[in-house]
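This report covers selected local features of one protein model.

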Amino acid sequence: MARGPEICLSLIGFSLICFKMVVSAKTAPETPTIDQAYSKISNSITVEWATVPGATSYLLTAEDGDTVIETMVANSPGTVTGLKAATLYQITIRSIGAAGRSQASPPKQAKTVLAAPILEVSSPSPDSILVQWEAVYMAIGFSVSIMQANGLGRIWKENTTDTSLTFRNLDAGTLYTIKAYAWNANGVPGDDSTCDQRTSPRAPANVQVFFDGGTLKASVAWTPTEGASNYTVKALSDSSERSCSTTIAFCSISSLQCGTEYLISVLASNDAGSSRSSSAVTLKTVACAPGKVIIEEDPPGHLSVAWSNVDLGDYYVAFVKSDDGLEVHCNTSLTQCNFFSECGFTYFISVFAYNKAGQSPLGDVFNYTTAPCCPSDINPVLVSSDRVEIVWSPVRGAELYETKAVAGYNVVECNDTAPACTLSALECDTKYNVTVYSFSEVRGSNMSCTSHFITTAPCSPEIKTISKDASSMVSVHWQAANADATYTVTAQGEKGLYRCSSTGEACTMWGLPCGSVFSVTAVAETEAGRSQPSYSMPLETVPCCPVGLTVTQVTQSVINVSWTVGVVAHAYITVVESLMGQSKCHTHQSHCLLGCITCGINYTLALQAISATGLTADCAHQSYVSSACCPLGVKLYRLGPNGIRIYWQPSRGSANYSTDLYGSKGIFTCTPRAGLSFCDVTEIPCGDVYTVMVSPVAETGLKLTFCPKKIYSVTCSGSTLGMVIYRGKRSTE
């Protein structure tokens, strides 16, 4: 129990000894020695030293008594940044390796260079640049240089102890690069500052002004100025100022005032400032439109136009334009002109002043209306026998028209502003004296207008009767009391318009289409015009016969007659007739079934169409041959080991037959030669049930399918046919 702790201490001591031996085997790298420390930039110092074996990086330290700044670098040279300008620093270095860092090297002093001056540059004139800056700590002098930014030309360099410097005799509107730095008492230069500055442009030259009197706009052009980025054009007068800005050597100033003298100048500018104004160019705008225009007509037919004088007006032109487009003018340096005028015209009068700049703006346009003229092209339009519509071309100056129609003691009047009048409540076939007077509020009525005679249209006839016959001829009779009138009867319907005319009291129309309903009216016509139509009377023609009449044999004794529907046909009667008898059908449909037809004889087929009002049209008459009769006594016989013979008794009216055998193993068709009443099928399977049908064949080649069918069983006897057994009949389908 006493030796337990000793063993523990012994082990612990051994571990400490081993640990000490391992640590002592890995030592920190050597302390490096600074070869030199110097400053080229005001906020940093660069240090150079010899490389130390085993060092993976280095720690640079800069102290100025107030602050300590450390920077880790990989190798020499290394730079400490973030320093203060013009400040003395103690620089040390430590090497760092895997075992740690070395002791600090012996310190070395280094001073940061002076800070760069902060420049403020401007161009007070087109050929100079002013450079200004604030004082730099520890600086005793400054060096400033300037050259064109494009590298062309010479370099100016000036040294000074002031904080401003002006470079003169520079090129206007040119971009220059300025560089400046300060130096200390030892002549060591500090950081430099660089900036660009453009000289202000020179005043634009060769200013030209173009004036548009119509829009009161001045277009100004000039020679481009070197280095100018913008131009400002100003137009100054005694009462106003207008301007425009542009980046090119052209600009337009709008909304100038008429009758005004302007001084036009141009300024060039860039980021350095503006040039002096160019030499001013004088611009005189067009004169303003003359005012106080007075228009008089004295005596009638003569217009006098007078106006007031205007500034900058050299001469005047008065324009007088009538409303028909004709224009005359007067050119004078006075303030009055005289013109000829005509009745019924509205004249539009304007006066312009002129000078070297052009025509004045349009002033007030005055109109003057002379006394109205009388309508001359009165055109009566006879609307009916008791009403006349009169129209005429509008006359110059008329604001109202008064129309009078006189026939004995009967007087009818109408007043309207439109060049038209409708005279109502007139008597038919009567002569009236009609006069149209023109009126205007300015000049009153023109009572010298001439009258015209107008006769109203004839009185309307009255239709008495309408008669028609089987040949579609229609006769119309009427009654009327007009003298020298021609009467026209019109039948109008959906299928067209038909007319007949006469100077008497009746006329006849032909060719009216079937199945149509017409409205019949009569009109009387004289040189004065047409009467109102008479009251209409209805006219119905017989229904149209159907087309496409088709006869289909349904069974041996029944046929189906069908047709397309006839126009307005309401019912149909179909009749088939022969020496054997007659069959008849009355229907409202487009087909009809007729029975009791005898097979194989000739029939006559007739069809009638009947309208809803009972009008009847006799339509188709054609012959029809009924189908051949179905053969009788159809039987099957065994014919050799594999064949079958079909036999029948010929019937009336048939020349050709076709036989068909229908079995589960196939369909067998046989067509005999003409005149034979049997047909052979040489190869037919035994052991099957067959349906046999013998059908007449029409001349068209159509096989009739309504004949009765018989059923036979054909047995087998070995591999050949056995017995043929009759099984009965099958009804037609």
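In S12, Thr160 is the bridge partner of Phe142. Strand S11 (residues 141-148) and S12 pair in the antiparallel sense over five bridges; pairing requires at least two DSSP bridges between two strands, and strands are DSSP E runs of at least two residues, numbered from the N terminus. The model is predicted: local features need pLDDT of at least 70, side-chain atom pairs count only at pLDDT 80 or more, and totals for chains, interfaces and linings use all residues. Residues are numbered from 1 along each chain as its sequence is written, and side-chain values use heavy atoms, with hydrogens and water left out.

The open sheet has four strands in the order S12-S11-S14-S15, with antiparallel pairing. Strand S12 (156-160) and strand S15 (189-198) are at the edges with a single partner strand each, so one side of each has no neighbour in the sheet.

Two residues lie elsewhere; buried means under 20% relative accessible area, exposed over 50%, and partly exposed in between (1.4 Å probe, protein chains only).

| Residue | Relative accessibility | Class |
|---|---|---|
| Leu362 | 56% | exposed |
| Ser713 | 6% | buried |

Leu362 sits in the loop between strand S30 (358-359) and strand S31 (366-369). Ser713 belongs to strand S61 (residues 709-717). Neighbours within four places in sequence aside, Ser713 is in contact with Asp688, Val689, Met723, Val724, Ile725 and Arg727, where contact means heavy atoms within 4.5 Å.
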